[in-house]
Every structure is written in C-alpha cells, then in structure tokens.
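Here is a short briefing for a first look. Please view the sequence and the structure, then read on.

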Amino acid sequence: MATERRAYFNGEYVPESEARVSIFDSALMFGDMVFEMTRTYNHEPFRLREHLERLYAGIKTLEIDCGLTVDEMEAVTLETIDVNMDHFPEGVDMQIMHDVSRGPLPKYEMAVPGGLKPTVSINCWPLTDDLAGLADSYDTGVHAITVPQQSVPSRLIDPKIKNRSRIYYQIAAMQANKTEPGSYPILVDDDGFLTEGTGANFFLVKNSELFTPEGRNILRGVTRGAVMDVAANQGIPCHERNLEPYDIVTADEAFFTSTSQAIMPVTQFNGLPIGSGKVGAMVRCLLHAFGQMVGVDIVAQAKQYKQASGL
Ligand SMILES: Cc1ncc(COP(=O)(O)O)c(C=O)c1O
C-alpha cells in the first residue's frame, strides 16, 4: 500500500501532499474554478454521473478546456477511487473532490515549468472525522440562524455553478459562528426569500408535506434531488416555492441536505424551537428511506465513526 493517499493531478497520480496549485493559477487569482464533492456509500460513489454533469455545466459556462470528456472524467474518477482503496477499510466511506480551473494565467507563463495547462485534480478523503463530529447532531438537530450576509443572486454569479468564488459563504459561516458557535447559517436572497445553507440545501416540513426553496438562487444539490426522489417514492408531496424565515418559525420540522451528511435535522431557528424542538417523525422517516436507498444507515455510520475516533 502506498503510504500516502494519491491524488489525480493533471494526468498523473501524485502523493496528496505533492498535489499543489500554482500561485499563478486563475483559481487563486479569481476564484475561477469549478468543483464537485461526491461521496461513497459502501465504497460505491453515489450519483457520480450527476455530480460530473453539474461539474461539466460549470466547465462549459467558464469555457475551460479541461482536456477530458465527461466519460473520461468518470473513468479517471473510478480509477482514483481504486488507486486509493487500500486506505479505506470496509465501512470507511470517502468524499471524492474534483477541482478544475483554466490553470495558470498566460501572463505568468514564464514562471510555469511545463507550460500552461488547465488544473484538474481529483482526491479522496475519509468522511470519518467530519461525520464523527456530527453524530450527535442527528439526534439533537442543529441550530440554523439568519445572518446579515445574503446569497449572491443568480443574475450576478450563478450559484447553480458549483464554483470556488465562495467568499460569501465563508462570511456567512463566520457571522453565524460569532452569533452562536456551532450554529448553521441560512441565507436569503435579494427579496428576503430563503435560499440555502453555506454547504447544504434546506427543506421544511408542514402538515406532512415538504417545502424547499425554488431552484433559482441556489446550488441544486444532488442530495436535494435524491431526497425529492425518496419523497416521491414514499408518496410525500414536495413543493419548490418561495419561502421566508416566517415559514421556518411556523414549520413542524426542518432539515438540511448535503452530500456528506445526507439529511441533517434542524430543530432550532434563531433561538426558537422548530415544532417540538426535537427531531421529528418526517426527518426520521426520510433518513431511514434514504439509508435504505444507499444501503447505509446514515446515523449508525456517523455514530460508528464517532466511537472509532474516541470523540
Ligand atoms: C452552497 C451549497 N448548497 C447546497 C449544497 C448541497 O449540494 P449536494 O447535495 O450536491 O452536496 C452544497 C454542497 O456542497 C453547497 O455548497
């Protein structure tokens, strides 16, 4: 077994610590980079093609010639998983990160050995630490709060493109953490309608139906789509609609969705309990059905990671 995980970096496999982006890269200069985060369940990547299609929508929008077709990117992703599999014992799932930029800016060509080419990186990282730290939150739910930082509307920078110009998410997270350490920000758009968290989509439950912000000023999460599929299979109506903070205050339950966490219950909003203030029946039902779809008990896995980490 290689002692270090290896990253696919511009056509080669290199030790993770040696995969370095140039200081002249457009990613660093402009945040001009698109990315993806996929995860495995039982070592199988979940909806990889969907993640890659979203990545390629970004690549097309930014007019980056990354040198790989989506089929080739899929093949090389599966190879990267294989190359690293020895580092992932049974039960330890991974996140797979894709990062693509147009590479170093032409102006700095002289300082770039090997000449200008796009930056294409794929790496695998264990989900154990992230999920171990969240294990208890599946039982208690998390606290979501509104923050002064707003979402950037799609007419300015389209959040449907998963891009690295993410300073506003970072500011929102800092603001939330200052107001209440450990809380999760939830952003609104120009009109005050709810959009998303800084790394997650948002749903609420009212009268046994699901409601989620329209797909306009948000990243249309792969997990958001998967939860909609699960809801449809369970006969649970799901509506995409403009929602306001008021709708969270008056909701029965709420939750975030994201690749790594799947479904994370939200039980408090701006210091107020949502519904009973406890994880509700709908969230439990969706977590169970989602777990059945992917073949992993989401909550049990997080608890197992927590136990193994000695947290
Ligand atoms: C801003 C934002 N919204 C939503 C999501 C959830 O998307 P997905 O379910 O594809 O992980 C993410 C994931 O990183 C995100 O960064």
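The notes below cover the ligand site, salt bridges, backbone angles and a surface patch.

This is a predicted model: local features need pLDDT of at least 70, side-chain atom pairs count only at pLDDT 80 or more, and totals for chains, interfaces and linings use all residues. Residues are numbered from 1 along each chain as its sequence is written, and side-chain values use heavy atoms, leaving out hydrogens and water.

**Ligand site**

- The ligand is surrounded by 18 residues, each with a heavy atom within 4 Å of it. Lys-162, Arg-166, Val-222, Thr-223 and Thr-259 are the closest.
- The side chain of Thr-223 places an N or O atom 2.5 Å from a ligand oxygen.
- Thr-259 has a polar side-chain atom 2.6 Å from an oxygen of the ligand.
- For Arg-54, a side-chain N or O atom is 2.9 Å from a ligand oxygen.
- Taken alone, the ligand exposes 390 Å², and the protein buries 95% of that. Accessible areas come from the Shrake-Rupley method with a 1.4 Å probe; for residues, only the protein chains shown count as cover.

**Salt bridges**

- The whole structure holds 16 salt bridges (a side-chain nitrogen of Lys or Arg within 4 Å of a carboxyl oxygen of Asp or Glu).
- Arg-54 also pairs with Glu-36, with the closest N and O atoms 2.7 Å apart. Arg-54 lies in helix H2 and Glu-36 in strand S3 (residues 33-41), so the pair ties together parts 18 residues apart in sequence. Helices (H or I, at least four residues) and strands (E, at least two) are DSSP runs, numbered from the N terminus.
- Both Arg-54 and Glu-36 are buried. Buried means under 20% relative accessible area, exposed over 50%, and partly exposed in between (1.4 Å probe, protein chains only).
- Arg-49 bridges to Asp-71 at 2.7 Å between the closest N and O atoms. This pair links helix H2 to helix H3 (residues 70-84), 22 residues apart.
- Arg-49, Glu-53, Asp-71 and Glu-74 are linked in a salt-bridge network.

**Backbone angles**

- Most residues other than glycine have a negative phi.
- Arg-47 has a positive phi near 50°. Arg-47 sits in the loop between strand S4 (44-45) and helix H2 (48-61).
- Asn-207 also has a positive phi, near 50°. The loop between strands S9 (201-206) and S10 (209-212) holds Asn-207. Asn-207 counts as exposed because its relative accessibility is 60%.

**Surface patch**

- Ile-23, Leu-28, Met-29 and Phe-30 form a nonpolar surface patch with about 440 Å² of accessible area together. Patches are made of residues with over 30% relative accessible area and no salt bridge: like charges are joined within 9 Å, nonpolar side chains (Val, Leu, Ile, Met, Phe, Trp, Tyr) within 5 Å.
- Leu-28 belongs to helix H1 (residues 26-30).

Notes
Polar contact = N/O pair within 3.5 Å; in protein donor to acceptor, adjacent residues only side chain to side chain.
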